[in-house]
Amino acid sequence: MAVIETAEKMLPAGLRPIGGRTLRMLAAVLTEGGEKAAAQRMALTAFSIRILSAALAFVSQIVLARLMGEYEYGIFVFVWVLVVVFGDLSCLGFHTAIIRFLPQYKAAGAFEEIRGLTGTARIFALLSGTAMLAAGMLGLRLFGDMIEPYYLVPIFLGLFAMPMIALGDILEGTSRANHWPVMALGPVYIIRPILIIGCMLIAIATGAEHTAVTAMQAALVATFVTALGQYSATLYRLRRHYDDGPRKVDFLAWLSVAFPIFLIEGVSFLLTNSDVVVVGIFLEPHDVAIYFAAAKTMALVHFINFSVKAAAGPRFSSIIAQGDHAQLANAAADAARWTFWPALGVGLAVLAAGHLLLSLFGGAFTSGYLVMAILLAGILAKSLVGPAETLLMMAGKQNLCVALYAGALAANIGLNLALIPHYGIEGTAIATASAMAVEAVLLHIAVRRTLGIVLFAFASPAAATPEMRVR
């Protein structure tokens, strides 16, 4: 209280009322107990990490673009997006299923189930990631002549990162379920980008060429080092919290929840990254580079939604386990507001500095400014409903989410195919923003009809029905 009062006195007189309220609100978030305060602390921590990680990712992409040039940079980002997408998909939803089950097991004191769940998920990720690696190698063998020659070697190298990317996703989900945001987000979003740049600079300093192949080799080394270090740290912390002991494995029950989540998140992840993939398939690496730079710059806004989702998932799961519909409606409304208003502020700031930020990649990249403006409209439309998909998944509405995302993905791909030939990368941006708006509308309707909650950043948190309908 003394610190807050001192800080209030240091503020200009006109800012003291609002500044004081903000400081007291922040103090309450940092010190209070309860699920809401814990979720807010996790969101704040995740938000801070994502700010740092967004800055690191942005700087790393600028460095890579400057080191390789537009053409080689376009090759690298197209292949790396493919590797990350399919590495994430290879988890088959287990990384989110952990967030669904672990808080419930922890509340019930079911430590045997926790040990079984986390251990089984790690093994499954390594096996499924290896299976994805083998399938990719087989695909290169059978269809390699249909792929542009400049993509072949980077794809071959990237396939070896699949098991480690899958393992990293499982470890991130484990840490998120335990409210360990630094351990969840730090390795992939802070350590790995730093290692990629470090390995790339070392390789070039020792005589390697400034090509996408060198960049993919650097990314492969960084992925292995990050995943193995995260594995050791997570395992150590799990043993401290839950001790060693017997494990109870209910694989079929976990898979029955994980697989629908995989369908949901798989379609959602494809929806998020399909623009870069489609541009890479139909346009030249030069266009891929410009579009990716614009999308990566505007992705500085995306971390808002990611941060809120990281905190909201465990909170939703705990409230649903208690069966408190009013509290769930309040939590959902909070999450929507926490998503939209920061996204609006950050988005406008990024757009205002858009030309300057794009010029850091190189002179040719400023042609992507219009792409940034179009993408921001779609991001804001999606942020109006916050982490609605997380709410539906935690409430057991996985199948509905699959249908919604499939519709949005179909709209995205169809619009891309129709617009790219006529409008190039601007057509891709229009298709992506339109798909985000369609996704937001479908999610709003689904939450309202299935859970009786009006989920909208400007809506009242009051629920429309007295009972929570969760199956």
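Begin by selecting Glu389 and Lys382, which are both buried (under 20% relative accessible area, where exposed is over 50% and partly exposed lies in between, with a 1.4 Å probe and protein chains only). Their side chains meet in a salt bridge at 3.3 Å, N to O, a salt bridge being a side-chain nitrogen of Lys or Arg within 4 Å of a carboxyl oxygen of Asp or Glu.

This is a predicted model, in which local features need pLDDT of at least 70 and side-chain atom pairs count only at pLDDT 80 or more, while totals for chains, interfaces and linings use all residues. Residues are numbered from 1 along each chain as its sequence is written, and side-chain values use heavy atoms, with hydrogens and water left out.

Next, select Arg315 and Asp334, which form a salt bridge with the closest N and O atoms 3.8 Å apart. Arg315 lies in helix H12 (residues 302–322) and Asp334 in helix H13 (residues 325–352), 19 residues apart (helices are DSSP runs of H or I, at least four residues, numbered from the N terminus). Arg315 counts as buried because its relative accessibility is 4%, and Asp334 counts as buried because its value is 9%.

Then move to Glu113 and Lys248, whose side chains meet in a salt bridge at 3.7 Å, N to O. This pair links distant parts of the chain, with Glu113 in helix H5 and Lys248 in the loop between helix H9 (212–242) and H10, 135 residues apart. Glu113 is buried at 18% relative accessibility, whereas Lys248 is partly exposed at 44%.

Conventions. Helices (H or I, at least four residues) and strands (E, at least two) are DSSP runs, numbered from the N terminus.
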